[in-house]
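Subject: Handover of a protein structure

Dear colleague,

Please find below the sequence and structure that I am handing over to you. A description of the findings follows.

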Amino acid sequence: MRIEVDRFSFEIPNGFKDSTSYTFKDRKDQESLTISFGARPWEAINLKRLMAFRRGNLDLVMPGAAKIEAESATRVDGLPARMLVFTFEDSGETFRERWAVALPTPDMYLQLSYVALAGDGKAEQRFSHIC
């Protein structure tokens, strides 16, 4: 597989697999989408436990900064999933972040993380489309 980024590209060596998380940002750095995946944590025996595990990481990275608004069931590419919505402040702006986690295989988790300005009235619709 050939990877192309801006003005350079490279070929992934045979026998290697892509284990990268991907982040896409707008030009103003006020909207971003991160797609990450990895080995299912042993604690994550179901979606609620997976979200609790990921939410615990949020508390480590942003202790006390995130204000949780909601957690609910959703779907990602047709798969059952859990969604978390929270706000936080950065550089004087309030942002709303939406997470969706799913278990696409018994050994793997997937997380979509979408951040936009809290006042962005179309962000929820965009995240629903992404899911």
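Helices (H or I, at least four residues) and strands (E, at least two) are taken here as DSSP runs, numbered from the N terminus. On that basis, the protein chain has two helices and eight strands, and the order of its elements from the N terminus is β-β-β-β-α-β-β-β-β-α.

This is a predicted model, in which local features need pLDDT of at least 70 and side-chain atom pairs count only at pLDDT 80 or more, while totals for chains, interfaces and linings use all residues. Residues are numbered from 1 along each chain as its sequence is written, and side-chain values use heavy atoms, with hydrogens and water left out.

Overall dimensions and burial

The C-alpha trace of the protein chain spans about 45 × 40 × 30 Å along its principal axes. A residue is called buried under 20% relative accessible area, exposed over 50% and partly exposed in between (1.4 Å probe, protein chains only). By this criterion, 34% of the 131 residues of the protein chain count as buried. A contact means heavy atoms within 4.5 Å. Among the contacts in the protein chain with a separation of 6 or more, 39% are accounted for by residues 24 or more positions apart.

The aromatic residues

Rings of Phe, Tyr and Trp (its six-membered ring) are paired if their centres lie within 6.5 Å; planes under 30 degrees apart count as stacked, over 60 as edge-to-face and the rest as tilted. The whole structure contains four aromatic pairs. One of them joins Phe86 and Phe88, whose rings are 6.3 Å apart centre to centre with 40 degrees between the planes, and this pair is tilted. Another joins Phe88 and Phe95, at 5.7 Å centre to centre and 20 degrees between the planes, and is stacked. Phe86 counts as buried because its relative accessible area is 0%. Phe88 is buried as well, at 14% relative accessibility, and Phe95 is buried at 8%. Together with Trp99, the residues Phe86, Phe88 and Phe95 form one aromatic cluster.

The nonpolar cores

A nonpolar core is a set of buried Ala, Val, Leu, Ile, Met, Phe, Trp, Tyr and Cys residues joined through side-chain atoms within 4.5 Å. The largest one has 15 residues, of which Leu50, Met51, Leu58, Leu84, Phe86, Phe88 and Trp99 touch the most other members. Two or more residues of this core come from each of α1 (47-61), β6 (79-90), β7 (93-105) and β8 (108-117). The largest share, four residues, is that of α1. Leaving aside neighbours within four places in sequence, Trp99 has contacts that include Met51, Leu58, Leu84, Phe86 and Phe127. Another core, of 14 residues, lies apart from the largest one, and among its members are Val76, Met83, Ala100 and Leu110.

The largest pocket

On a 1 Å grid over the protein atoms alone, a pocket is an open set of points where a 1.4 Å probe fits, with protein on both sides within 12 Å along at least five of seven lines; lining residues have an atom within 4 Å of a point. Grid points are joined across faces, edges and corners, and a volume is the space filled by probe spheres set on the points. The largest pocket holds about 420 Å³ of space. It is lined by 21 residues, and those closest to its centre are Ser32, Met62, Phe88, Glu97 and Val115. At least two lining residues are supplied by each of β4, α1, β6, β7 and β8, with α1 giving the most, four residues. The lining comprises eight nonpolar, seven polar and six charged residues, where Ala, Val, Leu, Ile, Met, Phe, Trp, Tyr, Cys and Pro count as nonpolar, Asp, Glu, Lys and Arg as charged, and the others, Gly among them, as polar.

Individual positions

Ser36 belongs to strand β4 (residues 32-39) and is buried, with a relative accessible area of 10%. Beyond its neighbours within four places in sequence, Ser36 is in contact with Ser21, Tyr109, Leu110 and Gln111.

Leu33 also lies in strand β4 and is buried, at a relative accessible area of 16%. Not counting residues up to four places away in sequence, Leu33 touches Tyr22, Thr23, Phe24, Ser113, Tyr114 and Ile130. Leu33 and Ile130 are 97 residues apart along the chain, and their C-alpha atoms are separated by 9.1 Å.

Ala118 is placed in the loop between β8 and α2 (123-130). From C-alpha to C-alpha, Ala118 and Arg96 are 4.6 Å apart in space, although 22 residues apart in sequence.

With kind regards
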